[in-house]
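Hi there,

Here is the structure I promised to pass on. Have a look at it first, and then read my notes below.

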Amino acid sequence: GRFDKILDIDRCWLQSDWANGVLELVKQFALDSGQPAWDTRKHTGFWRYLVLREGKKTDQRMVNIVTYEHKPGLMKELTGKLLADFPKLTGIVNNVTSSSGGSAFGEKEYPLAGSQTIDEKLGDYLFEISANSFFQTNTLQAENLFQIVIDYAQLTKSDTVFDLYSGTGAISILVSKHVSKVIGFEAIPGAVENAKRNAARNQVSNCQFILEDLKDTFRGVKDPVNRFGTPEVVIVDPPRAGMHPKTVAGLLSLRPGRIVYVSCNPTTFARDAKMLCDAEYTLIQVQPVDMFPHTYHIELVAQLELKG
């Protein structure tokens, strides 16, 4: 029940052996460095997060060290130790954030070794993933998740699809072969660039990715209908906090025939679904998907249809 409690672990059983090894090395290095860990109450300190990414189908691996500021000498020393023990690392980066919140997103990224991205494969498509972009953590189960999304969307070749919170373009690209065009909306610049490159590398020509904060998308000259037409289907995959009320209002203004909602937080999904169903939609079905084995967290996919 505490937001500031840190659990000291030697092994996470959800992670690969290399990830646990990196965890142990970085943890010990941080303890020996003389630099303090970030204090979530006082908003002071240096070490903030260790974020690890792994391409299960490509065997590519990234280490992202998130700190309050960039210390080149310290990062060079840590990079040397990591590469000595884990020479197969695809890339090491240092993301710096001065935000007082709990986000691990960097305001500025410093490459330390290798590539700033890794590749992962979903179905027939290859995706580029950067340190700050969202991508489903459980690749094998993500394929099942996205198939449910496609099934619930009931897509036709003439459909225009809006993909809200499109991230690196995974959903947009996976549904692209079933529809006329897909417009993805995303607020993180790096993710939008990843998505554009992912579409190009997979020779997908009917996807367009727009850099916008969704709570501002449906206002005035930014009205997406004026730019892209009215979508038959809208797919939303928001963060744990769910949709901003302005985004819900904007979604309702679109009046798509079908909405497919992907959620990693059933509580905020229930809140958003109530707003949609109190307006013009009917909740048809919900399918939980166990993306996070041995935890109480679940992902879910919901299908909503416009009433009458």
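Predicted model: local features only at pLDDT ≥ 70, side-chain atom pairs only at ≥ 80, totals over all residues.

Residues are numbered from 1 along each chain as its sequence is written, and side-chain values use heavy atoms, with hydrogens and water left out.

Let me start with E186, which sits in strand β8 (residues 181–186); strands here are DSSP runs of E with at least two residues, and helices are runs of H or I with at least four, numbered from the N terminus. E186 is buried but has no salt bridge. Buried means under 20% relative accessible area with a 1.4 Å probe, protein chains only, and a salt bridge needs a side-chain nitrogen of Lys or Arg within 4 Å of a carboxyl oxygen of Asp or Glu. The nearest side chain of opposite charge is R53, 11 Å away. What does lie 3.5 Å from a polar atom of the E186 side chain is the backbone nitrogen of S166.

On to strand β10 (residues 233–236): V233 and I235 point one way, V234 and V236 point the other, and all are buried. Strand β10 runs parallel to β7 (residues 160–164), joined by four bridges, with V234 as the bridge partner of F162. Four bridges also join β10 to β11 (residues 258–263), again in parallel, and there I235 has V260 as its bridge partner.

Best wishes

Terms used:
Buried < 20%, exposed > 50% of the residue type's maximum accessible area, 1.4 Å probe, protein only. Lys, Arg positive; Asp, Glu negative; His and termini not counted. Polar contact = N/O pair within 3.5 Å; in protein donor to acceptor, adjacent residues only side chain to side chain. Pairing = 2+ DSSP bridges.
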